[in-house]
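Subject: Structure for you to look at

Hello,

Here is the structure I promised to pass on. Please open it and keep it beside this note as you read.

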Amino acid sequence: MEGVSWPSQEELDRVRKVVAEMAGRNSKEVRVVVSPYRICPLGAHIDHQGGVVSAVTVNKGILLGFIPSGDSQVLLQSGQFKGEVRFRVDEIQHPRHSALKNDKIITNGSSKSKEECDWGRYARGALYALQSRENHLSQGIIGFINGSEGLDSSGLSSSAATGIAYLLALENANNLTVSPMENIEYDRLIENGYLGLRNGILDQSAILLSSYGCLTFMNCKTKEHKLVRPKLLKNQEADMLKSFKILLALSGLKHALTNNPGYNNRVAECEEAARVLLHASGNDKLEPLLSNVEPEAYEAHKGKLEATLARRAEHYFSENMRVIKGLEAWASGNLEDFGKLITSSGLSSIKNYECGAEPLIQLYEILVRAPGVYGARFSGAGFRGCCIAFVDASRAVEAASFVRDEYYKLQPALASQINPDNAVLICEAGHSARVL
Ligand code: GLA
């Protein structure tokens, strides 16, 4: 596949071997879902308000090897987490608070706590999403899921990549034909409906729609999307795509967004800002989303917002503008301008959206100073995980080692929890999720 170096044959063989052993079948029968992680260079924290976002997948992510089980049983193991998850596809799934009670986990013959079997919730969530849209499944799977080393909980949308992996596997095993747009909605049901996180559709749109070499653009209100290619001559386009790398710099902070009230609190603040602005402009009847506030109404009435809400709204409106400008910069192959917009986006996340944890802010500042970096920001919601940067390919190694050393000086305790080989990864753009 054009330009895409992941997964390697070795990684695929490993996953196939584990599933073949679990199922007592031949490894040639094992199918594999490839579900990449994504970065969002521009368009942070505005998807849940119906804003416009941009994304690129990277050549790292989740592999889910599976075989239809021949009956309704689902049996799963994970490369990252202990234990087995078992359930049946004909069990009706309910949102998480009640569903978790039914997770059965067996490790060394003894039952384990809910926390330890938490990783099974995405598989159950996928079943919940399919069932909620009248898909009645009869075929379970025997599967082994494995994420790229060191990158779980990194703000690279490992949760959406996992949810999509289970959706694609269950759909494939049950011969269901489902469009990417339907799967975007199904993954939204996993996150919003099943897990209770009020996030938008950025992550799954990126994972399901991306194509190597393109910037994926999504209007989260209208669902209009497009793949933006640099408008250059073929050889210039190839040169541009080879001229940069993507750095993933890990902070060592890990905790699930669903366990952190910060994300849903910010969503509520954006809604409150929208309510005030809609009221001031005589549009009380519209749903309180910032995308329902015209930019002119924002300019006319922003003085009515109290300071915190004013900052959230400023992030929303300025970030939408950065995405539009970023698409133009990408289309004209101008990585310098594209990078500057990413860095401004990162600053707005810190100053206006106020969601970068201290170590992530430090990493961001280090990346911005690093040799050859065009632009940087923290990835995902900013409460954990990693920072991303676009960097001149010829200086990527130098930049990675600079970032590793500088971060260690500021955060020795966190930095020493990360395997030094994975602390700053040099990646390339990837493709969309697929079944091999
Ligand atoms: C997380 C959420 C997304 C998006 C980003 C921030 O990844 O899952 O919906 O809000 O944070 O841009």
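Predicted model: local features only at pLDDT ≥ 70, side-chain atom pairs only at ≥ 80, totals over all residues.

Four strands form an open sheet. Their order is β11-β12-β10-β13, and the pairing is antiparallel. β11 (373-378) and β13 (424-427) are the edge strands. Each has a single partner strand, so one side of each lacks a neighbour in the sheet. From one strand to the next, the twist averages 20°.

Look at β11 and its partner β12, residues 386-392. The two run antiparallel and are joined by five bridges.

The ligand

Which residues are around the ligand? They are R38, A44, H45, D47, N199, G200, L202, D203, Y263, G380 and A381. This shell divides into four nonpolar, four polar and three charged residues.

Y263 places a polar side-chain atom 2.5 Å from a ligand oxygen. For R38, a polar side-chain atom lies 2.9 Å from a ligand oxygen. H45 uses its backbone instead: a polar atom there is 2.8 Å from an oxygen of the ligand.

How much of the ligand does the protein bury? Taken alone, the ligand exposes 310 Å², and the protein buries 96% of that.

Best wishes

Technical notes: Residues numbered from 1 in each chain as written. Heavy atoms only, no water. Pairing = 2+ DSSP bridges. Axes fitted to C-alpha atoms, helices over the stretch in contact; angles between N-to-C directions. Near = heavy atom within 4 Å. Polar contact = N/O pair within 3.5 Å; in protein donor to acceptor, adjacent residues only side chain to side chain. Areas by Shrake-Rupley, 256 points an atom, 1.4 Å probe, with all protein chains shown as cover. Nonpolar A, V, L, I, M, F, W, Y, C, P; charged D, E, K, R; others polar.
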